[in-house]
Amino acid sequence: MTNAPLFIPVILGTPRQGRQSEHVAKFIVEQIAVRNDVETQLIDIRNIPITTNDAGESIKDPEFSSTVERADGLIIVVPEYNHGYPGLLKHVLDTCLKEYIHKAVGLCGVSAGPFGGTRVIQNLLPVMRELGLMTIFYDLNFSNVQNLFDESGHLIDKETYIRRLERFMNELVWMSTVLRYGRLEVNLASLT
């Protein structure tokens, strides 16, 4: 078993202009960067060259695919738009399949309302399962996001969200570690 740091990228799940979830994603990346047990990078779906005239693996972006293949887990920062998730996020996620199998995912909901993206997370759970990702049981929610950051994009109540993120990350690191061990050490073919 390897003791190398886990690689857990953060996917910013909306291309919209003026997106408040960008502040959330940057905060998460900053906080993960101080950990010794995790390496990360920000994946902004706005920057993934993807066509909309086809779907699925036929339009796979090689860079996104190889990053997900290398990942031990994922964090998806997703805003709630009319109780749902952004269509482009689903379009991007659907371009990979085998890259997700037996990897952990933590979901971070963002909303302008009081529920912090709870509904978008609920809507994403069956998608994560179908993709072969294992969701952790602790979600991270950012309610009333328009009031959480100052004009420079810095979180105002940093201590509260650092505590919440630490709990979220501890669960994600545990799950990612266990699943990495399983991918490396357990031969599924021998179990049948």
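**Salt bridges, cores and selected sites in a predicted model**

Glu57 and Lys60 are joined through their side chains by a salt bridge with an N to O distance of 3.2 Å, where a salt bridge denotes a side-chain nitrogen of Lys or Arg within 4 Å of a carboxyl oxygen of Asp or Glu. The structure is a predicted model, in which local features need pLDDT of at least 70 and side-chain atom pairs count only at pLDDT 80 or more, while totals for chains, interfaces and linings use all residues. Residues are numbered from 1 along each chain as its sequence is written, and side-chain values use heavy atoms, with hydrogens and water left out.

Glu99 belongs to the loop between helix 3 (87-93) and strand 6, and Lys60 to the loop between strand 4 and helix 2, so the pair ties together parts that are 39 residues apart in sequence. Helices (H or I, at least four residues) and strands (E, at least two) are DSSP runs, numbered from the N terminus. Glu99 is buried, at a relative accessible area of 0%.

In total, the structure holds 12 salt bridges. A network of such bridges links Arg19, Glu22, Lys26 and Asp44. Within it, Arg19 and Glu22 are paired with their closest N and O atoms 3.2 Å apart. Arg19 counts as buried at 6% relative accessibility, whereas Glu22, at 22%, counts as partly exposed.

The secondary structure comprises five helices and eight strands, arranged along the sequence in the pattern β-β-α-β-β-α-β-α-β-α-β-β-α. The radius of gyration, taken over C-alpha atoms, is 16 Å; this agrees with the value near 16 Å for a compact globule of 192 residues, the globule rule being 2.2 Å times the number of residues to the power 0.38. Along the principal axes, the C-alpha atoms fill a box of roughly 55 × 40 × 25 Å. Of the 192 residues, 47% count as buried. Among contacts (heavy atoms within 4.5 Å) with a separation of 6 or more, 82% are between residues 24 or more positions apart.

The largest nonpolar core contains 32 residues, of which Val24, Ile28, Ile75, Val77, Phe142, Phe168 and Met169 touch the most other members. Such a core is a set of buried Ala, Val, Leu, Ile, Met, Phe, Trp, Tyr and Cys residues joined through side-chain atoms within 4.5 Å. At least two residues of this core come from each of strand 2 (10-12), helix 1 (21-32), strand 5 (73-79), strand 6 (103-110), strand 8 (140-142) and helix 5 (158-185). Helix 5 gives the most, with eight residues. Another core, of 25 residues, lies apart from it and includes Val68, Leu74, Ile76 and Leu107. Beyond residues up to four places away in sequence, Ile75 touches Ile8, Pro9, Val10, Ile11, Ile28, Ile32, Gly106, Phe168, Met169 and Leu172.

Thr14 is located in the loop between strand 2 and helix 1 and is buried, with a relative accessible area of 0%. Its side chain makes a polar contact of 2.9 Å with the side chain of Tyr81; a polar contact is a pair of N or O atoms within 3.5 Å, of which, within protein, one must be able to donate a hydrogen and the other to accept it, and residues adjacent in sequence count only if both atoms are side-chain atoms. A polar atom of the Thr14 side chain also lies 3.2 Å from the backbone nitrogen of Arg16.

Asp54, in the loop between strand 4 (42-44) and helix 2 (62-70), is partly exposed, with a relative accessible area of 42%. The side chains of Asp54 and Ser58 are joined by a polar contact of 3.1 Å. Leaving aside neighbours within four places in sequence, Asp54 is in contact with Ile59 and His91.

The structure holds zero disulfides (pairs of cysteine sulfur atoms within 2.5 Å). Cys96 is buried at 0% relative accessibility, and Cys108 is buried with a relative accessible area of 0%.

Notes: Buried < 20%, exposed > 50% of the residue type's maximum accessible area, 1.4 Å probe, protein only.
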